[in-house]
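I am keeping a notebook on one structure, and these entries record what I looked up.

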Amino acid sequence: MSVTEADRLPALLQGDFHVHSTFSDDARSTLAENIAAASAAGLRTIRLTDHVRASTTWVPEFLRSVAAERVPDGLTVVTGVEAKLLDATGAVDTPTDLIVGPGGVDAVVIGDHQFPGTDGPWSPTATRERLDAGLSEDDALDLLIEASIRAMERTRHAQLAHWFSILPKVGLDEAQLGPERLLAWAEAAAATGTIVEVNEKWACPGPAAITALLDAGARIVASTDSHLASDVGRYVRVPELLAAAAAESRAEREGAR
């Protein structure tokens with residue numbers, strides 16, 4: 001990560017690329033309330049994003065509702081649907097008729113809500129049971145990275161949501177990924193044009209992953225993963241992660257002298 005890139009990182013905080021509305025069962029604020037909160041917070045961009053599954057039918061209604069909202073001057077509104085990574089093939093749980101791009105949502109926001117297993121999504125409990133039964137930690141980490149790369153390759157206009165948040169849920173740590181896995185993951189993000197969010201709610205990915213993404217030329221954005229309008233654009237943990245990534249990059253450059 002260059003000095004120029006490090007200096008530009010605070011500009012990321014002028015966007016919130018993962019904001020839920022009442023189209024999601026677990027969110028409390030309307031589209032209008034989220035847009036107003038983004039404007040009040042001084043944001044330039046907000047991605048209105050709600051949870052979908054293969055069975056979801058309301059995406060056209062969501063898009064019509066977004067289009068009908070008044071957007072304050074200086075704010076750009078983009079859309080997304082959040083769908084979970086399903087398995088080791090990189091399949092994602094989106095409606096079969098989902099339109100992504102012109103006439104549809106702007107992005108598919110892929111969430112690592114469960115572990116991408118060889119036979120479907122594994123819950124955290126099921127993943128821990130497999131680890132206890134003999135699945136090695138290295139094999140599990142390889143499985144996650146390989147599934148991540150395949151998902152990016154299979155999904156047009158993708159954004160990774162709270163990536164690596166699954167690891168502590170299954171008893172693993174992002175630090176165990178190591179530079180080689182992070183390099184492969186980051187290069188795939190850059191090659192596929194996948195956006196990767198630095199997530200306030202889950203405080204991930206960590207500094208090493210952020211540095212790998214920037215070194216690879218991948219695009220990162222900030223997100224709150226807000227389910228309540230009062231949280232839109234309110235960052236505490238994301239600036240800390242960005243600062244730690246910048247410090248780590250400086251230390252690496254100084255060590256290389």
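This is a predicted model: local features need pLDDT of at least 70, side-chain atom pairs count only at pLDDT 80 or more; totals for chains, interfaces and linings use all residues.

**Entry 1: two helices**

The axes of α7 (residues 178-192) and α8 come within 8 Å and cross at roughly 45 degrees; axes here are lines fitted to C-alpha atoms, for helices over the stretch in contact, and angles run from 0 to 180 degrees between N-to-C directions.

Residues are numbered from 1 along each chain as its sequence is written, and side-chain values use heavy atoms, with hydrogens and water left out. Helices (H or I, at least four residues) and strands (E, at least two) are DSSP runs, numbered from the N terminus.

Which residues of helix α8 (residues 207-216) are buried? I found A209, I210, T211, A212, L213 and L214, where buried means under 20% relative accessible area, exposed over 50%, and partly exposed in between (1.4 Å probe, protein chains only). After α8 comes G217, which has a positive phi near 85 degrees.

**Entry 2: the largest pocket**

I looked up the largest pocket, which holds about 430 Å³ of space. Of its 22 lining residues, D26, H51, R53, E82 and H113 are the closest to its centre. A pocket is an open set of points on a 1 Å grid over the protein atoms alone where a 1.4 Å probe fits, with protein on both sides within 12 Å along at least five of seven lines, and lining residues have an atom within 4 Å of a point. Strand β3 (residues 76-84) gives the most to this lining, with three residues. By class, I wrote down five nonpolar, eight polar and nine charged residues in the lining.

**Entry 3: the backbone**

Most residues other than glycine have a negative phi, and most peptide bonds are trans. I therefore listed the cases that depart from this. C204 and P205 are joined by a cis peptide bond with omega about -5 degrees, and P205 sits in the loop between β8 (195-199) and α8.

H157 has a positive phi near 55 degrees and belongs to the loop between α5 (137-154) and β7 (158-161); at 40% relative accessibility, H157 is partly exposed. F164 also has a positive phi, near 80 degrees, in the loop between β7 and α6 (166-169), but F164 is buried, at 1% relative accessibility.

**Entry 4: buried residues and distances**

D112 lies in the loop between β4 (107-111) and β5 (115-117) and is buried, with a relative accessible area of 1%. D112 and S165 are 53 residues apart in sequence, and their C-alpha atoms are 6.9 Å apart in space.

P116, in strand β5, is buried at a relative accessible area of 0%. I noted 23 Å between the C-alpha atoms of P116 and S24, which are 92 residues apart along the chain.

How values were computed
Grid points are joined across faces, edges and corners, and a volume is the space filled by probe spheres set on the points. Ala, Val, Leu, Ile, Met, Phe, Trp, Tyr, Cys and Pro count as nonpolar, Asp, Glu, Lys and Arg as charged, and the others, Gly among them, as polar.
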